[in-house]
Amino acid sequence: MSAIEADRFDKTVTTTCGYCGVGCRLEAHARQGRIVSISPAEDGPANEGHTCLKGRFAHQFTRSRDRLTSPLIRENGELRVASWDEALQRIVSELTRIKDAHGPDAIAGLASSRATNEDCYAMQRLIRAAIGTNNIDNCSRVCHSPTSFAMRKSFGLSGATGSFSDIDHADVAVLIGVNPTQGHPVVGARIKQAALRGCKLVTIDPRRIELADYGVLHLAPRPGTNAAVVLGLSHVVQREGLTDEAFIAERTEGYEAFEELLDAYTPEAVQEISGIPAAELERAAHLYGEAGTASLLWGLGVTEHKYGSEVVQLLCSLAMMTGKVGKRGSALLPLRGQNNVQGSSDMGALPDTYTAYRRVDDEPTARLFEEAWGVGLSRRVGYKIPEMFDAAIAGELKAMYVFGEDIAQTDPDIAHVQRALESLEFMVCQEIFENETTKYADVVLPASAFLEKCGTFVNAERRFQLVEASIDPPGGARTDFEIIMTVSRMLGHEMGWETPWDALDEVARLTPHYAGVSRERVGRTGLQWPVRPDGSDSPTLYDQYFDRTGGRGAFAALPYKAPGDAPDREFPLVLVTGRVLQHYNAGTMTRRTGNADLVDRDWLEIHPDDAERLWISDGDTVSIRSRVGATELDARITDRIERGHVFTTFHFPETRTNLLIGQSSDVNTSCPEYKVVAVDVRPIAEQPAFTPQLTGVA
Amino acid sequence: MSLTVTIDGTPVEVAEGTTILEAAKLVDAWVPTLCFDEREAPFGACRVCMVAVEGAPKPLPACTTPCRDEMVIDTHDATSRRVATAVVELVLSELPVAPEPHTELAQIADRLDVTASRWPGATHDVGHDFRHPYLAFQHELCISCGRCVRACDEVQGAFALTATGRGFESNIAAGLNAGFEDSSCVSCGACADTCPTDAITEITLLDGVVPDRPPRPRERGGRKRRSLASE
């Protein structure tokens, strides 16, 4: 740091942003123990000297007055301040009691996709080794678990096939069910610049997203009909001979069945299902099929559906039939939602896999970890998040250890979640703020935010990046890593680490895919897994072969099936939920920053025609009711959304958007169907939106 | 195809299309710049990056001049330095206050030994806008380098900032000069990041620097109309 900078800041630390999955590298400048400013790192590979308002400005939450600074324990129904000793003792005695009485499978833990790899690795080790169950999951369950499942099925590995820089080399980019300028702003800016330089964008989304204005074609399918759209694109590609026969023959398997399936998905048939004009679908298929290089990007608009994982498999199939995978500019880039949603799953915080997606019922893998940890390990696959709630209500699950996830605000069917949490005998929340979930906790532990801890995140490009602490946790708060290690030690399982880097070394030692990962090697610009023992990494996957047995990619002949919910007479509109630029998921962090001055509420977006029909004016409060719940929101009239659809965000707890979401979920991964909910919307403003004219008034 | 150029006596091989400024960086030759930012396309507006090229009748801007094979470049050339120094001196003469020491302008002035201006007289009117939760305008510090406008266009793609006024009145504005919040601004802060004078900066960095800054109202609900500080 120069002398002049030293005058302004006490210290500057290069770290990785803790908001979305883009993984911007940041310079955090601190003075007197507080962050005063954050600027983008010029050499950040994902952000290249840029960042968005969340990464750059939304850091005041770290010193918010509501930060948890001491443990809380429940006594006579109320949470009271407690010492660390008291809180930890309570956790250990309760977990031991429940384990003794009901067995280890009566306990479940949630790792956090907001936390570091080392935190998540420690958490899954706590649950597996110290408790003795595979009941561990993380919030990728409710966002990109279908992507992970499908990409493993089709290609072999659970991650993007390329890097964000592929966007700069793509002639065509197809965006499906993703709104990067809001959800992943730095990638959004990159796509926009690419489009301005001549990259042709095709956007497929029920809403006319901002990037649609920069693209050559926008398709607005009915929510839940993505499979038909992708099959329709494949149909045209096949019919017009835009396939890469050599690639199909040499690199893939199962094409015949897929080709046979395509016959039925003529553009006319797809128009019937999705509402997309046949001619536009044809044009999109030509754009993609004829391009020299073309990338596919998708987000939760693809995954958070009943058949989300199947649509991802179909996208993989579309890329394979055109040979557009494993090449510069031809990548499949799922835009991961959270900063470490890739890493938390990579680290084995899943009920069925250890690190790098090796199954818990695979004997050699289980032996490897038994040997490393010195304990016997369960071979039984644990509960996924939704199964945990069901098991709690059924009385089979007695205790939960929830780390960094506000399940009572973000998971679907909140009433069901609340019933589950009420059914538990004991719950621990490890959090930075009190939230909807801590209301049900018996012990609340004050933890640390990303600016206060060390470790690594893995971004949406599979890139390990360093996280370094620039400030200390406030008051009595501790780092998550330290808390989890302590709880484990008190439960009788000593992890034997001192710093998060020791945990990272253990991950590298036990996981061939991350063999070459270390703090020094990750360095300033990161490493994209698989990382070989010599430290060389893999920016592009599958350039030679796919990572499946036999080395071939697998086509998936999966027909379109109707979504889990559909509008009817009682619930005539379809609700889609999503994020806005200024806020982040449950808003725990961003609501406590100046971002709340920019956007201070959730809105319900509604088409002008629907609004007129329902007598709703811009800004009116409306009631919105689904099959499972109801809430109230202010309406915003916009023609960015199609007739028959409404859209809202879920950033503010007072809205409780997720009360509306039912329990329909992805058939393979139980990822909730947040994106198709039939609802009824009515004005409830005290003053009617349309007042009949009084006689005699001009 | 690669070209060979000689910078301050050091030969260096560069790819076709490399600018003199990029080549100079390769051999660690310092060329002062004001309107240049690596994240943006070269602009060539400020005329601070002038260098001498053998055979050229007068100094050339390093940021926009592509290298040619066998070019001989002198970054220490006296005429070029005189031009650069005079430009920085003129720029400073328009400001009512000296730029903060951490700003790029102050650091370049320091390195070029520009301490005071020979041209006293009119300075920019003081105009502050602190209505946005994070971003502040200090219009009197604007030197019209265009970096913020280009960052907004070329890095973020929000197209929220624009150059306004003419001549001495040249300045920057968000949208129709109604402040960041009433423009297409997405609050990414790329403008504040690139600004070489703090004409756009982060509000939090002004704590203790601008004493008359009013506390920001923090009420919730509805669109807020915060007062202008001193326009």
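Student: Which residues are buried in helix α20 of chain A?
Tutor: In α20(A), which covers residues 480-490, the buried ones are A:Asp480, A:Phe481, A:Ile483, A:Ile484, A:Met485, A:Val487 and A:Ser488. A residue is buried if 20 or more other C-beta atoms lie within 10 Å of its own, exposed if 12 or fewer, and partly exposed in between, with C-beta atoms placed from the backbone. Helices (H or I, at least four residues) and strands (E, at least two) are DSSP runs, numbered from the N terminus.

Student: Before we go on, what kind of model is this?
Tutor: This is a predicted model, in which local features need pLDDT of at least 70 and side-chain atom pairs count only at pLDDT 80 or more, while totals for chains, interfaces and linings use all residues. Residues are numbered from 1 along each chain as its sequence is written, and chains are lettered from A and ligands numbered from 1 in the order in which they are written.

Student: Okay, and what follows α20(A)?
Tutor: After α20(A) comes A:Gly492, and the phi of this glycine is positive, near 100°. Helix α8(A) is likewise followed by a glycine, A:Gly241, with a positive phi near 70°.

Student: How many residues does α8 of chain A have, and how far does it reach?
Tutor: It has 14 residues, 226-239, and reaches 20 Å from its first C-alpha to its last, close to the 20 Å expected at 1.5 Å a residue; the expected span is 1.5 Å times one less than the number of residues.

Student: Why is α8(A) described as largely enclosed?
Tutor: Because 13 of its 14 residues are buried, α8(A) is largely enclosed by the rest of the structure.

Student: New topic: where is A:Ser317, and what does the residue touch?
Tutor: A:Ser317 sits in helix α14 of chain A, residues 308-321, and is buried, with 27 other C-beta atoms within 10 Å. Leaving out residues up to four places away in sequence, A:Ser317 touches A:Ser154, A:Ser234, A:Phe258, A:Phe555 and A:Ala556, where contact requires C-beta atoms, placed from the backbone, within 7 Å. The C-alpha atoms of A:Ser317 and A:Val230 are 9.3 Å apart, although 87 residues separate the two along the chain.

Student: And where is A:Thr657 found?
Tutor: A:Thr657 is in the loop between β25 (645-649) and β26 (677-683) of chain A, and this residue is buried, with 26 other C-beta atoms within 10 Å. Among the residues it touches, not counting those up to four places away in sequence, are A:Asp602 and A:Thr577; A:Thr577 is 80 residues away from A:Thr657 in sequence and 8.3 Å away in space, C-alpha to C-alpha.

Student: What about phi at A:Asp413?
Tutor: Phi of A:Asp413 is near 50°, a positive value in a residue other than glycine. A:Asp413 lies in the loop between α18 (407-410) and α19 (414-423) of chain A, and is buried, with 22 other C-beta atoms within 10 Å.

Student: At what angle do α4 and α21 of chain A pack?
Tutor: Helix α4(A), residues 117-131, and helix α21(A), residues 500-510, pack at about 70° with their axes 9 Å apart, the axes being lines fitted to C-alpha atoms, for helices over the stretch in contact, and angles running from 0 to 180 degrees between N-to-C directions. The two helices α4(A) and α21(A) are therefore roughly perpendicular; angles under 35 degrees count as roughly parallel, over 145 as roughly antiparallel, 65 to 115 as roughly perpendicular and the rest as oblique.

Student: Which residues make that contact?
Tutor: From α4(A) come A:Asn117, A:Glu118, A:Tyr121 and A:Ala122, and from α21(A) come A:Pro500, A:Ala503, A:Leu504 and A:Val507.

Student: Now chain B: how many helices and strands does it have?
Tutor: Chain B has 5 helices and 10 strands, and buried residues make up 43% of its 231 residues.

Student: How many residues does each chain bring to the contact between A and B?
Tutor: Chain B brings 20 residues and chain A brings 23. On the side of chain B that touches chain A, α4 (147-156) and α5 each supply at least two residues, and the largest share, 3 residues, comes from α4(B).

Note on methods:
Contact = placed C-beta atoms within 7 Å.
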